[in-house]
Amino acid sequence: MATPQLSVQDQIRQLEGARKLVLGNASYYTQVIQASLPIIGPSAQVEFRRWGAEFLAEAFATPAIAPGQKETLSLLVLETLKLLVEDVNQDVAVLKGVIQTAASIYPLALRWIINNSYDTPTWDRMTDIKTRILRIWDTAPPNIRICCIKFAQRVVLAQTQSINPEPRRGDLLDISLIMIPPNHPILDAPKLEAEASGLLDRMLGVLQDNSSDALVVDATLNTLSILVRNRPATSNRILNTVLNFNPLKLANSPMTPKTKVLVKSMEKTTRMLLMHLSRRNPQNPQIGRIQQYVERLMRSRAEIFDEGNRKRAMAEQVDGQDSKRQRTGATSSNPQIEITPLKPGPHTLADVFTFTNNDGLKHFSVGDNVPAPLAAKISVTTIARVDPQLLDRAIQGVRDRLAALNAAQPEPINPETAPLDVEEDEDDYEPDYYAAEDTEQILNKLDSSPAEQPRELEKPALGGLALPTFTLPPPPRLNPDQAVKVGQGSITRVFSTMRTLEDPAVKKTKAGINRLAASSYDRDSWITVITRLATRANAGLDGPEDEEDTKGVFPPPQLSDSIREMLFHYVLEEFRKRIEVAVSWLSEEWYNDKVQQRAAASLPVRHDVAINYEKWALRLLDGFIPYLHSQDKVLTRFLSELPELTPSVFSRIKTLCRDPSLVNLALTTLYYLVMLRPPVRDLALDAIQDIWTDYEDTRPLAAKFLQKWRPSFLDAAQKTTSGNEVSVGASTAAVVS
């Protein structure tokens, strides 16, 4: 029987489940993207293409994926993006997501082609995508034009000079022309810089023409701040264009409600941009010109809008007063305010200070809707402008209300004379006497009560009116996904706190694997707590289920894996300063793996134990190896302090020899392990032998190390090489003769 075909809605629901999975654990992004590419291709239905474009834009914009992993994923999706963007009848929502994805991918593709000049097809695909986006920039709908502006900004950032003099040691996301070597076979730095200059002029053309399209103008202004901050060479051109732009030009036309909204939007965006630039760089030589422009802009806005608002407010006030009642007699010059007395019953402090009868204003929460600094500014301005007599009358009204509430409070009850189980407001109840009953009388009354109304005997409080015991209801149970989400939020806050702590001035001696985790509140203590939460807290509880129903289904995200992912990104942010954190974390992982393996071996039923140490050690190596330089000592330090070195680790070290500038670093690191770590001496010597065999340029230095420790291998290899040369020479002579 054939499997029934799922509907589009059901398939979209499954795709949304995959999206929720990667949002909980970013390590699944590679699998989900690879699996979804055939589904969201150019021949797919428009619903799938829309979902795919939105998902790819979200994936390449999230900071949860490391830049190196994004660079690898970008190579997989370029062909799909190219086919989608080149379709002239493409859906607008699909085109929007594709352009947003291309904006995130372009710097990654540029860095890839810088380091891998042989991959010409990848750069050709990226160039075709860029050409298509720039071609539809001016003719597309406004929402597509906004995405094109963002794409142009990323191109300008990537194809101009950065302020970072050492790009390999700086920000991993700051990709610029400095990274392109002078003799690159594909990329021509002057040509790319000229293209970026032309794109910047095209972006600023919207402001130079005083365009009335508020969406495009606001989008352009919002992209300029990053350019001014990261590319100072463009700041003068951008500032001159913005200062010559007039956002109030539309005010000369008839002021319809739509026109007012457009003018206010452009004026506010322009003013916010200039104020932000002046705050970030108070030493800018154009700071005086910026301040004059902002002041003139605010005065012009007040002249255009405030006069009309005052006239309309006065007219509405007069109409409202006339509709209420007709005044007779002379009108008082004193300001009037209506203060009604409070109704009987309990009242909150807000009721005492509230004079309005509008229910909407009464239930409006200022704290939830207005930021505290803005609310304080509005309050100070309002109090400064309010009429003093009106303010005095309002204060007196609050005093009168407080006095009325104080006078209306009931008299305290005397527990010695008040009757039991009687409320004061029950006027129809008349007790026979008011003397307090003693303990024996109360017990006799309870014993004589009817059996059909059982009551729990409690010791009466004769010395006072005790309140009954109140028990909070138990909190609702959390499902595993909710528990993981709450745990991730807690760990995120711990990482935020840890980033604010400085490194200790005096290094303390480490206490070993059994040290106390929370002996103090410094950074090292928090690191110990986090690493043990990742390794020991859920030990033995995150194992895979053996049910058949779970086959082929993505496993649910585990809190320990989420903590490990956060630790991984925390270390790679500044891996040279935080290499001790990496060693401490991996030591905990190694210890936990050994404990779990020993526990599993003692069980009657054997089961596999997840090995986390080697997995995360290799991920850390893959993360920081691309950013090492020839004088770096961090690799030697990292490998010398790891508790265990596996053949996979040595295979990563051998890959360093692909770069001629890092050959010395790789061989000296291996020789250090040969000298000072005898347990891994054979593995290190095997790695040096492989380097001698695979990389001919490294043989002089590798032979120097092998001559002492493995002379037999070196002699046999040299004899083999000499024999091959003799046989080749003899064959050549025979052919010539």
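Q: Which residue forms a salt bridge with Asp622?
A: Quick ground rules first: this is a predicted model, where local features need pLDDT of at least 70 and side-chain atom pairs count only at pLDDT 80 or more, while totals for chains, interfaces and linings use all residues. Numbering starts from 1 along each chain as its sequence is written, and side-chain values use heavy atoms, leaving out hydrogens and water. A salt bridge here needs a side-chain nitrogen of Lys or Arg within 4 Å of a carboxyl oxygen of Asp or Glu. With its closest N and O atoms 2.8 Å apart, the partner of Asp622 is Arg652.

Q: How many residues apart in sequence are the parts that Asp622 and Arg652 tie together?
A: Helices here are DSSP runs of H or I, at least four residues long and numbered from the N terminus. Asp622 sits in helix H23 (residues 613-624) and Arg652 in helix H25 (residues 647-654), so their pair links parts of the chain with a separation of 30 residues.

Q: Is Arg652 buried or partly exposed?
A: Under 20% relative accessible area is buried, over 50% is exposed, and in between is partly exposed (1.4 Å probe, protein chains only). Asp622 comes out at 40%, so partly exposed. Arg652 has 24%, so the label for Arg652 is also partly exposed.

Q: Which residues do salt bridges that share partners join into one network?
A: Side chains of opposite charge can pair when their charged atoms come close. In this model, there are 30 salt bridges. The ones that share partners make one network out of Glu16, Arg19, Glu54 and Glu58.

Q: Which helix holds Glu79, the salt-bridge partner of Arg125?
A: The Arg125 and Glu79 side chains meet at 2.8 Å, N to O. Arg125 belongs to helix H6 (residues 120-135), so the bridge reaches across 46 residues of sequence to Glu79 in helix H4 (residues 67-85). Arg125 is partly exposed at 26%, and Glu79 is partly exposed at 34%. The helix that holds Glu79 is H4.

Q: Is Lys82 buried or partly exposed?
A: Lys82 meets Glu86 in a salt bridge with an N to O distance of 3.5 Å. Glu86 has 34% relative accessibility and so counts as partly exposed. Lys82 has 16%, so Lys82 counts as buried.

Q: What is the C-alpha distance between Leu84 and Arg49?
A: Leu84 is part of helix H4, and its relative accessible area of 2% makes it buried. Arg49 is 35 residues away along the chain, yet the two C-alpha atoms are separated by 8.6 Å.

Q: How far apart in space are Val352 and Leu402, C-alpha to C-alpha?
A: Val352 lies in helix H13 (residues 349-352) and is buried, with 2% relative accessible area. Leu402 is 50 residues from Val352 in sequence, while the spacing between their C-alpha atoms is 7.2 Å.

Q: Are H10 and H11 roughly antiparallel or oblique to each other?
A: Axes are lines fitted to C-alpha atoms over the stretch in contact, with angles from 0 to 180 degrees between N-to-C directions. Under 35 degrees is roughly parallel, over 145 roughly antiparallel, 65 to 115 roughly perpendicular, and the rest oblique. The axes of H10 (residues 235-243) and H11 (residues 257-280) come within 11 Å and cross at roughly 140°. That pair is therefore oblique.

Q: What is the handedness of the crossing of H21 and H22?
A: The axes of H21 (residues 559-573) and H22 (residues 579-601) come within 10 Å and cross at roughly 155°. That angle makes the two helices roughly antiparallel. A crossing is left-handed if the near helix is turned anticlockwise from the far one by less than a right angle, and right-handed if clockwise. The crossing of H21 and H22 is left-handed.

Q: What is the phi of Asn210?
A: Asn210 is in the loop between helix H8 (189-208) and helix H9 (214-230), and at 22% relative accessibility it counts as partly exposed. Most residues other than glycine have a negative phi. Asn210 is not a glycine, but its phi is positive, at about 50°.
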